[in-house]
Amino acid sequence: MAAGRISDRSLLRAKGAIRSRAEEFLRVLGEVEQGLLRSPDGSQRLARALALLELAYLPLRPEMCPFCNEYADERCSECGYAETHGGTCSSDSSRFVQLSDAIIDLGTAVKFSDPDDVRNDIQSSISSARGATAALLSELDALDAAGVMRAKARYIKEILRALPVRGSLDQLRQICISRAEMYW
């Protein structure tokens with residue numbers, strides 16, 4: 001299996017990047033929660049901002065991928081992820097690009113949406129995102145490369161489900177979730 005060819009060094013670098021970003025995300029969630037308490041009238045704007053933050057903190061950056069750490073740009077054609085997941089990550093056929101594009105589409109729709117009263121959705125979203133992030137952090141150290149990729153895919157789906165979005169944005173969210181299921 002392709003994940004078995006990942007070096008310990010690449011795996012540790014990916015785990016470190018995921019851990020660092022997840023810990024930062026938990027801090028930001030706390031700040032958003034405090035903002036909700038201070039400004040109850042701005043909940044629509046806060047819901048939009050929270051959804052965009054949650055999308056921005058998904059573990060999709062190259063440094064958070066054991067495969068990217070192992071193969072880097074100059075060796076993408078040798079990458080095991082590319083072998084089994086639709087091509088190199090810069091290819092339109094790659095499951096990574098398909099997921100990334102769907103998340104960008106959702107983020108754009110969120111940015112220009114006008115959410116209804118979402119105060120309860122915000123608190124629920126923060127709680128769900130915090131729980132998913134804590135779960136990811138608690139299991140991260142024990143995972144091999146394939147486990148990291150499975151955990152990332154599961155985490156992405158959990159965060160997408162937690163987004164404080166409704167209505168027409170649900171369809172875009174479902175597209176992202178289905179693409180995350182194919183991500184690994």
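How many residues does helix H7 have, and how far does H7 reach from its first C-alpha to its last? This is a predicted model, in which local features need pLDDT of at least 70, side-chain atom pairs count only at pLDDT 80 or more, and totals for chains, interfaces and linings use all residues. Residues are numbered from 1 along each chain as its sequence is written, and side-chain values use heavy atoms, without hydrogens and water.

**View 1. Helix H7, residues 145–162.** H7 has 18 residues and reaches 26 Å, close to the 26 Å expected at 1.5 Å a residue (1.5 Å times one less than the number of residues). Helices are DSSP runs of H or I, at least four residues, numbered from the N terminus. Of the 18 residues, 14 are buried, so H7 is largely enclosed by the rest of the structure (buried: under 20% relative accessible area; exposed: over 50%; partly exposed: in between; 1.4 Å probe, protein chains only).

**View 2. The start of H7.** A side-chain oxygen of Asp144 comes to within 3.4 Å of the backbone nitrogen of Ala146.

**View 3. Cysteines without disulfides.** The structure holds zero disulfides (cysteine sulfur pairs within 2.5 Å). The Cys65 sulfur has its closest cysteine sulfur in Cys68, at 4.0 Å, too far for a bond. Cys65 is buried, at 7% relative accessible area. Cys89 is partly exposed, at 27%.

**View 4. Surroundings of Trp184.** Leaving aside neighbours within four places in sequence, Trp184 is in contact (heavy atoms within 4.5 Å) with residues including Met1, Phe67, Tyr81 and His85. Its contacts also include Ala146, Met149, Arg150 and Ala153.

Terms used: Helices (H or I, at least four residues) and strands (E, at least two) are DSSP runs, numbered from the N terminus. A polar contact is a pair of N or O atoms within 3.5 Å; within protein, one must be able to donate a hydrogen and the other to accept it, and residues adjacent in sequence count only if both atoms are side-chain atoms.
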